[in-house]
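Hi,

Here is the structure I mentioned, handed over for you to look at. Could you open it and keep it beside you while you read my notes below?

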Amino acid sequence: MTVWGKTASETYHRRATGMLRGVYRLIAADIPVRPGAVVVDVGTGPGLLLHRMTGTGGVLHGVDPSPDMVAIARAAADAEGLAERLSFATGSAEDLPFPDASVDLLVSSLSLHHWVDHAKAAAEARRVLRPGGRLLAYDFRFVRMGAAAAAMRAEFGQVSRTPVRLAFARLAAS
């Protein structure tokens with residue numbers, strides 16, 4: 001994944017807060033979370049998707065490869081009074097900081113196009129997901145998803161690609 005420094009992270013946070021608010025609301029509404037489920041947002045950025053998911057009853061974690069972005073995510077959660085309901089850590093799709101079979105749902109929101117090694121990311125998803133767990137990766141529809149879908153198919157068997165509104169698509173594997 002791409003690792004952004006402080007200036008790029010701050011710029012993305014400002015833009016995402018303004019321009020992508022509706023996108024995160026749309027994605028959060030599409031994600032089925034049962035109370036108590038452990039959910040990890042891979043490439044969480046400023047954590048705005050997780051803000052939208054706090055009412056689900058899930059145990060919510062965000063992971064981003066940029067320590068600067070993780071600091072922004074923590075500060076944004078604190079500013080919204082959500083710091084005790086969300087946790088953030090440095091990590092990538094290819095190297096998740098979670099034990100084997102400890103996650104019910106892995107979500108990636110608008111970061112699939114930054115993943116460097118799709119095969120390694122799919123294997124890492126398989127490692128941390130519990131039996132019956134799911135991987136949902138949302139990104140812009142114009143993003144080439146073939147390599148990611150093939151890697152997920154190799155690890156999970158079936159993968160579906162579904163349009164989500166006009167500009168976005170979801171890859172789902174379980």
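One term before anything else: helices here are DSSP runs of H or I with at least four residues, strands are runs of E with at least two, and both are numbered from the N terminus. Also bear in mind that this is a predicted model.

**The overall layout**

The chain has six helices and seven strands. Of its 174 residues, 53% count as buried. If you look at contacts with a separation of 6 or more, 68% of them come from residues 24 or more positions apart.

**Helix 4**

Let's start with a quick check on length. Helix 4 covers residues 67–79, and at 1.5 Å a residue its 13 residues should span 18 Å; the C-alpha atoms at its ends are 18 Å apart, so the two agree.

Which residues of helix 4 are buried? They are Met 69, Val 70, Ile 72, Ala 73, Ala 76 and Ala 77. Looking down the axis of helix 4, you'll see these buried residues fall within an arc of 160°, so they line one face of the helix. Just after the helix comes Gly 81, with a positive phi of about 75°.

**The salt bridges**

The structure holds four salt bridges, and I'll take you through some of them.

Asp 104 pairs with Arg 34, with 3.7 Å between the closest N and O atoms. This pair links distant parts of the chain: Asp 104 is in strand 4, while Arg 34 is in the loop between helix 2 (21–30) and strand 1 (38–42), 70 residues apart. Asp 104 counts as buried because its relative accessibility is 13%, whereas Arg 34, at 53%, counts as exposed.

Asp 104 has another salt bridge, to Arg 130, where the closest N and O atoms are 2.8 Å apart. Since Arg 130 lies in strand 5 (residues 129–140) and Asp 104 in strand 4, this pair ties together parts that are 26 residues apart in sequence. Arg 130 is partly exposed, at 31% relative accessibility. Through shared partners, Arg 34, Asp 104 and Arg 130 are joined into one network.

Then there is Asp 100 with Arg 127, a salt bridge at 2.7 Å from N to O. Asp 100 is in the loop between strand 3 and strand 4 and Arg 127 is in helix 5 (residues 118–128), so here the parts tied together are 27 residues apart in sequence. Asp 100 counts as exposed at 55% relative accessibility, and Arg 127 as partly exposed at 27%.

**A buried charge without a partner**

Last one: have a look at Glu 94, in the loop between strand 3 (86–90) and strand 4 (103–109). Glu 94 is buried but has no salt bridge. How far away is the nearest side chain of opposite charge? That is Lys 120, at 7.2 Å. What does the side chain of Glu 94 reach at 3.1 Å? It reaches the backbone nitrogen of Asp 117.

Cheers

Note on methods. Residues are numbered from 1 along each chain as its sequence is written. This is a predicted model: local features need pLDDT of at least 70, side-chain atom pairs count only at pLDDT 80 or more; totals for chains, interfaces and linings use all residues. Side-chain values use heavy atoms; hydrogens and water are left out. Buried means under 20% relative accessible area, exposed over 50%, partly exposed in between (1.4 Å probe, protein chains only). Lys and Arg count as positive and Asp and Glu as negative; His and the chain ends are not counted. A polar contact is a pair of N or O atoms within 3.5 Å; within protein, one must be able to donate a hydrogen and the other to accept it, and residues adjacent in sequence count only if both atoms are side-chain atoms. The expected span of a helix is 1.5 Å times one less than its number of residues. The arc is that of the directions from the helix axis to the C-beta atoms. Contact means heavy atoms within 4.5 Å.
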